Structure formats: structure tokens, C-alpha cells
Amino acid sequence: MKYSYFPGCTLKTKAKQLDADTRACAKRLGVTLEELPDWQCCGGVYNTANDQIADKLSAVRALTAAYDAGQPIVTVCSACHNVLKRTNAAMRTDSVFADRANRYLAQGNPGYTPYHGEVQIYHYLELLRDVVGWEGVRAAVKKPLAGRRIGAYYGCLLLRPSPVMAMDDPENPNIIEDLIRALGAEPVRFAKRVECCGGYTALDDPDAAKRQSCAVTENAVSAGADLLVTACPLCRYNLAKTASGLPVVYFTELLAQALGVCDG
């Protein structure tokens, strides 16, 4: 199984372990990730203004590169996944947007083929669920995480807008909890697992961001979690600052431990 891989810039800087575990676990599970050549930052946030084309072109370039390679594209970072999914949907459903983006990319590229959202996009969690399968993950586990009570924190970017992201129920998701079970641990559900951590307000209103992230971690602790997992580098950073002793890690760290591809 071969897939084009879009790591995103954070996985090359502050979240190198997320990238390393993603690659190592994919190899163990028989999945080949081929990093896209010459990719650029996805832009970080999907701007909904219709006249904003330039800040989405890097996402379109990544999508067209995967299309040219004849492969689905895989992301891990929640923000990158959100941007690529929403850009792909716009290329498929918004003819004005698609026309403008394609005309930009065709400049100086006589062999360019217009793109209209044909590529399938997987978040790594979806790859585990829909391609490898939970039974396949469970069969690959070497070190079950028995006795661990783990809270799954989704945040806001992984599931919303739900008609476009279409990963899971935006109010009552199960995909990370199902992964936790496959790894041998006990998932802990808590009310604020799909609430925003406040990361995007940290510069404008750091106190509000702190209140939001504290509310998330305190809620997880009150539900009995001894560990919090997420897919988002910004969420991990923001929650870890205010976790009050509750460890916050990437879901791939747990996967790597359970598969025996790292110490832990």
C-alpha cells in the first residue's frame, strides 16, 4: 500500500517525534508513505473568504502532486488535514475557486492538467481504521497498553466542518477511542474532548486560551484519565502548558509504544 505523505512544517520542526513515529508505525503496519517532493506549508488555517486564493495554492499544489502520482494523500497534523480537506472540497464544488486556482498553477507550466478535487485524503487515523483496520492494528501490537486510562482529545479542527471532514460524528466521535482499545488500553470519555483548546486565541487573549485549555484537562482528570492524546501539535502545546501534571502526547507515541517500534 503506497500513499503520498504530506507531513507539514510543524512535523519538521517542533513535532519531529510525531513525524518519526508516523513513519515507523506505517512501516511496521505494511504501509508505504512517500513524502511529497517540494511541498510547502499548508497555510495553517483555511480562510473562508472567496477571494483568498493565494494562501490556498500550496494545498492545491500538494493535492495535484498526489493526483499526478496516482496515490491517495495522508496527513497527520489536524490543521494540515483540515486545510487540505477543505481546499480539496472547494476544488471539487466551487467552480470559480477551482478555475482561479488552476489558472494560477498553469502559469509557466504548459503541461499542467486542471485539478478538480479527485484525490482521496486520509488522516492517519482514518488510514488505521479504514485501510489497516482495528483488527490489523491489534494483531500488530507487541506491548499492549494494559492498565492505562487514556482520554482522547479531538479538538475542533479534526472533525469540523463535519460535512467536509466526514471523519466521524463531530459530537460523539469514536475513532481515537477505538484505537486506544486496539492498543490494549481503556479509553476515557470526557465532555470537553471535542471542545476547542483555545490555541488560536493564545496571542490575542492568552487568559481566555488558558481558561479553555484548563477546562479541557481538568475535565479529563475528573473523568479518570491518566493521559491525554491528540493529533494536533497546537493542541498538544497549549494543553501541555496547563495540564497540571496530566501528560499530553500524540496518539502516534502510544501506537509506536504498543507496536514495539520505540521504547516506552
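How many bridges join strand E1 (residues 2-5) to E2?

## The model and its sheet

Four bridges make that link, and E1 and E2 run parallel. Before going on, a word on the ground rules: this is a predicted model, where local features need pLDDT of at least 70 and side-chain atom pairs count only at pLDDT 80 or more, while totals for chains, interfaces and linings use all residues. Residues are numbered from 1 along each chain as its sequence is written, and side-chain values use heavy atoms, leaving out hydrogens and water.

E1 belongs to an open sheet of four strands, ordered E2-E1-E3-E4 with parallel pairing. Strands (E, at least two residues) and helices (H or I, at least four) are DSSP runs, numbered from the N terminus; two strands pair if DSSP finds at least two bridges between them. At the edges lie strand E2 (32-35) and strand E4 (121-123), each pairing on one side only.

Helix H3 lies across strand E3 (73-75) and E4, running at about 160° to E4. Such angles run from 0 to 180 degrees between N-to-C directions, with axes as lines fitted to C-alpha atoms, for helices over the stretch in contact. Helix H5 (residues 124-132) also packs on the sheet: it touches E1, E2, E3 and E4, and its direction makes about 95° with that of E4. Contact here means heavy atoms within 4.5 Å.

## A closer look at Thr 87

Thr 87 sits in helix H3 (residues 78-93). Leaving aside residues up to four places away in sequence, Thr 87 touches Tyr 46, Lys 56, Ala 59, Val 60, Leu 63 and Phe 97.

Thr 87 counts as buried because its relative accessibility is 0%; buried means under 20% relative accessible area, exposed over 50%, and partly exposed in between (1.4 Å probe, protein chains only).
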